[in-house]
Amino acid sequence: MRIRLVATTAVAAGALTALSAVPAQAAEYDSALKIRGIQYDAPGRDSNRCSGGNTAEEYLTIKNYSRSTTVNLKGYVVKDAAGNKFTFTASHTLQPGDYVKLRGGNGSDSDARNVVYRDNCNFMWNNDKDTIYVYKPSGSRADVHSYTRSGSDPDRNGYITFHG
């Protein structure tokens with residue numbers, strides 16, 4: 001009986017070790033806000049010119065997956081693996097089931113069109129691989145996902161869906 005208990009304990013410890021080794025992108029965070037998808041590679045040839053460029057075609061879709069909670073994005077932060085970041089400085093309210101597209105480039109933010117512009121004409125997301133972090137105003141993580149062009153985008157269209 002004691003040998004079986006020791007073996008069971010060793011198996012349980014191994015399972016806990018395996019669980020703690022799960023990559024960050026597989027973690028589920030206690031947050032209504034999640035990354036729905038990303039257009040990490042803007043269609044066409046990349047051009048980060050403010051006039052005539054296509055950085056606005058690169059976007060991150062963030063959705064409120066709550067059934068009853070309204071979320072104000074003010075204070076939320078979006079980062080990439082290199083530390084490039086965008087902070088939502090204005091109030092932008094997402095009702096349950098609502099979403100926002102965080103686009104590159106310059107433009108007019110609009111609740112009606114569900115869009116916020118980064119007011120930066122540089123591309124934020126790498127075309128080969130990157131990690132996307134979303135942080136709550138408290139600093140705790142709301143969601144994180146990593147992608148690679150070869151492993152995450154089988155049709156190679158530059159768009160990946162994370163949460164349906």
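**Close-up views of a predicted chain**

**View 1. A lysine placed over a tyrosine ring.** Lys-101 lies over the face of Tyr-59, at 4.5 Å from the ring centre; a charge is taken to sit over a ring if NZ of Lys or CZ of Arg is within 6 Å of the ring centre and within 35 degrees of the ring normal. The model is predicted, so that local features need pLDDT of at least 70 and side-chain atom pairs count only at pLDDT 80 or more, while totals for chains, interfaces and linings use all residues. Residues are numbered from 1 along each chain as its sequence is written, and side-chain values use heavy atoms, with hydrogens and water left out.

**View 2. The chain as a whole.** The chain holds two helices and eleven strands, where helices (H or I, at least four residues) and strands (E, at least two) are DSSP runs numbered from the N terminus. Starting at the N terminus, the order of these elements is α-β-β-β-β-β-β-β-β-β-β-α-β. Of its 164 residues, 38% count as buried, meaning under 20% relative accessible area, with exposed being over 50% and partly exposed in between (1.4 Å probe, protein chains only).

**View 3. The largest nonpolar core.** This core, a set of buried Ala, Val, Leu, Ile, Met, Phe, Trp, Tyr and Cys residues joined through side-chain atoms within 4.5 Å, has 24 residues, and those with the most contacts inside it are Ile-38, Leu-60, Val-78, Phe-88, Trp-125 and Ile-132. Strands E1 (33-39), E2 (59-64), E7 (99-103), E9 (129-135) and E10 (141-148) each supply at least two of the core residues, and the largest share, three residues, comes from E1.

**View 4. The surroundings of Ile-132.** Leaving aside neighbours within four places in sequence, Ile-132 is in contact (heavy atoms within 4.5 Å) with residues including Ile-35, Ile-38, Leu-60, Val-78, Trp-125, Val-144 and Phe-162.

**View 5. Aromatic pairs.** There are four aromatic pairs, counted where rings of Phe, Tyr and Trp (its six-membered ring) have centres within 6.5 Å, with planes under 30 degrees apart called stacked, over 60 edge-to-face and the rest tilted. The pair of Tyr-40 and Tyr-147 is tilted, because the ring centres are 4.7 Å apart and the planes stand at 35°. Tyr-40 lies in the loop between E1 and E2 and Tyr-147 in strand E10, so this pair ties together parts that are 107 residues apart in sequence; both tyrosines are buried. Tyr-133 and Tyr-135 are also both buried, and their pair is stacked because the ring centres are 6.2 Å apart and the planes are at 20°.
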